[in-house]
Amino acid sequence: MAGLSVVETEQTAGSAGAGLRVENVTHVFETGAESLMALKGVSLDVEAETFYGIVGPSGCGKSSLLLMMAGLLLPSEGRIAVGDKTVSKPLPEEIGVVFQESSLLPWKTARENVEFPLYLRGIDRRVRERAALEMLELVGLGEFANHRPHELSGGMKQRVAIARGFCQDPDILLMDEPFAALDEQTRMTLGDELLHLWDRNKKTVVFVTHSLTEAVYLCDKVAVMSARPGEILEIVDIDLPRPRTYDMMATEKFGRLRARIWELIRRTQQR
Ligand SMILES: Nc1ncnc2c1ncn2[C@@H]1O[C@H](COP(=O)(O)OP(=O)(O)OP(=O)(O)O)[C@@H](O)[C@H]1O
Ligand SMILES: [Mg+2]
């Protein structure tokens, strides 16, 4: 991609192909006199360029963990690191975030939203415009580059947010239920588009979802968390070949992997 490669050249001096390590992280929220332990002793080794899923019951601390990975919340104990660097504040060149609600700037067009992280980095206007347009083409929104968010459907807005995440071009992209507000058909399509983008611009992706099918379909590994306080119950290896195809969902292996994750979640919900 001509436009992006200019941006990439500037970035390759950084921690290219970085992974992320979560080391024995505990988080306690202090609210007035009360304290609530959200996470307990969580350790994960997210290797560079893997597609890493996190699943677990509602309230088990997945979003809190992602906020800590993004440097937006500090662990009470333990450490999160990218390479040798401890994550203690947002690191926009290394770590990008895509949330469930797309959080686009409503007064900016789709293209302006996508190029915004490059604007913040002081990238030349023509370079960032070209990069944003190419990214929008890749997610099928080339014709909507000049539309504002209120003129787009929910699925289109999430596509813009994903395009923005990739355009920012961090080594690590954290995604907190990016498809949760979408219907099943749109989320299946977007899942495939995301895999396609990931295949072309290899990144380390950490992907939180409630959909076990989505987790198995997209990920290389899935960390299954217990009910609050969230602990890691098991890291399930998704040893399905790539590229992933829809017919894999009907295979016995896919069913077995999904059933294993469901069994762990069902048991922790009952405890
Ligand atoms: N800012 C906060 N202050 C106090 N408590 C919080 C805060 N954020 C989250 N919590 C609590 O921490 C626990 C974990 O919340 P979190 O949002 O991380 O869960 P989650 O796994 O993302 O849930 P869901 O699947 O529903 O999105 C919950 O009990 C929640 O009430
Ligand atoms: Mg959450």
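Where is the place of proline 243? In this predicted model, in which local features need pLDDT of at least 70, side-chain atom pairs count only at pLDDT 80 or more, and totals for chains, interfaces and linings use all residues, side-chain values use heavy atoms, with hydrogens and water left out. Residues are numbered from 1 along each chain as its sequence is written, while chains are lettered from A and ligands numbered from 1 in the order in which they are written.

Proline 243 lies in the loop between S10 and helix H8 (252–270), where helices (H or I, at least four residues) and strands (E, at least two) are DSSP runs numbered from the N terminus. Another cis peptide bond joins arginine 228 to proline 229, with omega about -5°, and proline 229 is found in the loop between strand S9 (221–225) and strand S10 (232–237).

The largest nonpolar core has 52 residues, of which Phe51 and Ile261 touch the most other members. A nonpolar core is here a set of buried Ala, Val, Leu, Ile, Met, Phe, Trp, Tyr and Cys residues joined through side-chain atoms within 4.5 Å; buried means under 20% relative accessible area, exposed over 50%, and partly exposed in between (1.4 Å probe, protein chains only). Helix H5 (residues 154–168) gives the most to this core, contributing seven residues. When neighbours within four places in sequence are left aside, isoleucine 261 is in contact (heavy atoms within 4.5 Å) with Val55, Leu212, Val216, Val222, Val224 and Val236. Apart from this core lies another, of 28 residues, including Tyr52, Leu66, Met68 and Val208. In soluble globular proteins, nonpolar side chains tend to be buried together. Two members of the 28-residue core, Leu66 and Met68, are also among the buried residues of H2; this helix (residues 62–69) is mostly covered, with six of its eight residues buried.

The packing of helices was described by their axes, which are lines fitted to C-alpha atoms, for helices over the stretch in contact, with angles running from 0 to 180 degrees between N-to-C directions. The axes of helix H3 (residues 110–120) and helix H4 (residues 125–138) come within 8 Å and cross at roughly 125°, which makes H3 oblique to H4. Angles under 35 degrees count as roughly parallel, over 145 as roughly antiparallel, 65 to 115 as roughly perpendicular, and the rest as oblique. The residues of this contact divide into nine nonpolar, no polar and four charged, where Ala, Val, Leu, Ile, Met, Phe, Trp, Tyr, Cys and Pro count as nonpolar, Asp, Glu, Lys and Arg as charged, and the others, Gly among them, as polar.

The axes of H4 and H5 come within 9 Å and cross at roughly 130°, and H4 is therefore oblique to H5. Ala131, Ala132, Met135 and Leu136 in H4 meet Val160, Ala163, Phe166 and Cys167 in H5, a contact with eight nonpolar, no polar and no charged residues. For H3 and H5, the axes come within 8 Å and cross at roughly 30°, so that H3 is roughly parallel to H5.

Although glutamate 177 is not a glycine, it has a positive phi of about 45°. Glutamate 177 is placed in the loop between strand S7 (172–176) and helix H6 (184–200), and is buried, with a relative accessible area of 15%.
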